[in-house]
Amino acid sequence: MYHVVLTNRYLTSRVIPLIAVGAVALCAALVMIVVSVMSGFLDMVRDSGRTLMGDVVIELAVEGIPYYEDLIKRIEALDESEAASPLVDSFGMLQMPYPQGDNKQSEYVQFWGIEPESFARVTGYADTLYWRELDDQERRTAPQWDLRRQLTPQVLKDGLTLHDSRSDRPGIVLGMHVSKANERMPEGGYHPMGDGYWWMPAFDVTLVTIPTRTIGGQVEPESFIFPVVNEFVSGVFQIDDVRVKIPLEVGQRMLHLDEAELVDPDDPFTVIGTDPARVSKILIRAADGVSPNQLRDRVIRLYDEWVMEYAERDDLIVTPPTREFGLSIRTWEQVQARFIGPVEKERDLMRILFSIVYVVCAALVLTIFWAIVHEKTRDIGILRSVGCSRIGISLIFLRYGLVIGVLGSVLGLILAFIIVRNVNTIHDAIGRDAPVWSWVTAFGFAAVSLMMTILATRREHMLPVVLWSLGTIAMFGLGIILLFHRGTLVWDPTVYYFDAIPNTLDVPNAIVTIIGAILFSVLGAFIPAAKAADTDPVEALRYE
Amino acid sequence: MSETRRTTPTTTAPPTQPAGADFILRAHDVYKTYRMGRVDVPVLKGASIDVKQGEWIAVLGASGCGKSTLLHLLGDLDQSDPGKGEIFFEGEPINRRTRSQRNLYRNRTVGFVFQFYHLLPELNVLENTFIPALVGLTRFSYYAKRQEIHRRAEELLQSFGLGDRLKHRPQELSGGERQRVAIARALMNQPRVLLADEPTGNLDENTGGEILDLLAEQHRAGLTIVMVTHDRSIAGRADRIVELSQGRVVTID
């Protein structure tokens, strides 16, 4: 029982354990924050992959996949699949309406020709469209400048069908950052520049591309003028920055992947058959409860059977390519591997690097405990003289470590939770100039601190003078930093891929961190505890 | 541990309690050597002492003659050189007991009082007094005996004139008060023998006298006391004086 009394007293009557608890809390919070943000980032990459391209992708660039309608029909008939959608993709230049008159700025874009209805079933396309009418609830909270307050339901409908209802022409949907006109507002949301003048759906743009499929002859660029019907936000900056969406048929025509007559190479005037329309990708969404890997394996089997069946047909000049000829069937994770891989590696690296923080934490606890045991040598002698056992004495210090570990990690968890939750607010605050009140307050504290320093010098003690002077310097320094702080963009979306920092605490990681912090605190207490147990009572009691 | 273990065979008599003796505590021909750096420093060189039940015995000697060491050996806070002498309590050699038995011996059978009081600074007077009673108790058994333990400690402190100091920390007390708390702590578990190491060595004459009066009172009540001192006048308060010089008992008064 004496351990309980002594542990409690040692904990409550000194400053050292508070420092130790603070150190453990900071270390634990640091690890939890970093790993949470990294994990959140990874989840965002994963989620975006899925919402952008479904679960499995069949891909054959340039050449394209013929008879895709039949293939999609068969895929959709599978129990494992929910929906499938064809698309063509390539690169092009987009002539923007700005800056003025005939002087058009061109942006490099990656365009996807999609079949909007099936594409929306496979991906989260409908949810990514930004310009839509606000509902009553949103209207109440939306800021006054929000253009969406004025929109009609037709804008969203046009985006979903990729058809401009006003001019009855095929439309284009741009990624939110393709045009340089949209500004991200600090409150969240976008506002076109020129006080809304450069709202893209009010303008036409021209897409220019080089056809990918060319059988002989000279390659001529293809161009098409589209009215912008909407803009989308996928949350992945690299995609919102370059991708545009156009109707599939237009895309196929521009890339020469549409249906065409096939002529005899030796006699260009003899038509020998039909070259079927092609697509460069088929996106497939898995049915509920089916993993992307299961779906991929099933689709591979189906595809091989389908190719065999077509190869046996005599009436066809063109047959679908087998998988050996560059056709790939991959899950979204495999497709995104070049994004996911590095992020996973980075997170693991962070884990390893920050594991060093654990070791630092253990070393810190060890040092603090060493100091405590050293200071308590005489107490140990006294306790031995009244009959306490060695184990009992080491238990005092182990309990001490345990309590510090538990308190520290719980405090760390709370700290990490608050910071992770508000990480975007904190980031935005750093991104702006410091408000006047902040540096005025800091200077105010510095002045009070300075006054206390002067008062303290009148007394005999040195410590208050030192502490108040340090307080003055710290507050003054903080004031100066705040005064000269100009908004710094730490999380630059062009570098970090996403436009917001993940803000959910990684719970499994937090549990591991808490267990680790407690374990390391106890381990840090172990050596001094053993040292305490081995203390020679006679030696300990020798001097006052 | 700074003690040195010697392997040379002993020439002293085999450690057995002489028949018919009524000694409560007995050191028989004990040796104790400390190692200072590379040098072995013999402190006790065959010291023997016999303490009778209910006796107040003073061990007198100059600084460094080994009197505190002898006291530590009697209280099993330290061990004599292996194979060189033995300590008996009621005829039983104490250094052949198990560790837990020896912890129990220090906790229940003997009580230590030191020159420098040695109170625990984080605990108040009451807690310092009852800490020996907590040794060996689980949380559960503590709550069962809590009232009894507190009452005993309070009674002791009250009888020592510290009734109004129960919640004070040691650093808020005078030297004499601290030593009284230390004696109260030593008596908490009602030991058979009180081992006092220069109990007045850090106090002025008047206060020292008060402490000796307090010990005399306990002695009259039947407590066996072994007191170490370098001051002949203080030693004079005891029933018997044993003089120690150069690690041996030279005279028995």
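Two strands are taken to pair if DSSP finds at least two bridges between them. Helices (H or I, at least four residues) and strands (E, at least two) are DSSP runs, numbered from the N terminus. This is a predicted model, in which local features need pLDDT of at least 70, side-chain atom pairs count only at pLDDT 80 or more, and totals for chains, interfaces and linings use all residues. Residues are numbered from 1 along each chain as its sequence is written, while chains are lettered from A and ligands numbered from 1 in the order in which they are written.

**Strand β4 of chain B and its partners**

- β4(B) and β5(B) form a hairpin with 2 residues between them, and Glu90(B) in the turn has a positive phi of about 45°.
- The pairing of β4(B) with β5(B) (residues 92–93) is antiparallel, over 2 bridges; Phe89(B) has Glu92(B) as its bridge partner.
- β4(B) also pairs with strand β1(B) (residues 23–36) in the antiparallel sense, over 4 bridges, and Ile87(B) is the bridge partner of Ala27(B).
- In a regular strand the side chains alternate between the two faces of the sheet.
- Strand β4(B) (residues 86–89) is covered on both faces, with Glu86(B) and Phe88(B) buried on one side and Ile87(B) and Phe89(B) buried on the other. A residue is buried if 20 or more other C-beta atoms, placed from the backbone, lie within 10 Å of its own.

**The six-stranded sheet of chain B**

- An open sheet of 6 strands has the order β6-β7-β8-β3-β9-β10 in chain B, with mixed pairing.
- β6(B) (110–113) and β10(B) (248–252) are at the edges with a single partner strand each, so one side of each lacks a neighbour in the sheet.
- β3(B) (residues 56–60) and β9(B) (residues 240–245) run parallel and are joined by 4 bridges; Val59(B) stands opposite Val242(B).

**Contact between chains A and B**

- In chain B, 26 residues are in contact with 22 residues of chain A; contact requires C-beta atoms, placed from the backbone, to lie within 7 Å.
- Helices α2 (99–109), α3 (125–134) and α4 (139–159) of chain B each supply at least two residues of the side that touches chain A.
- The largest share of that side of chain B, 5 residues, comes from α2(B).

Methods: Buried ≥ 20, exposed ≤ 12 C-beta atoms within 10 Å, placed from the backbone. Contact = placed C-beta atoms within 7 Å.
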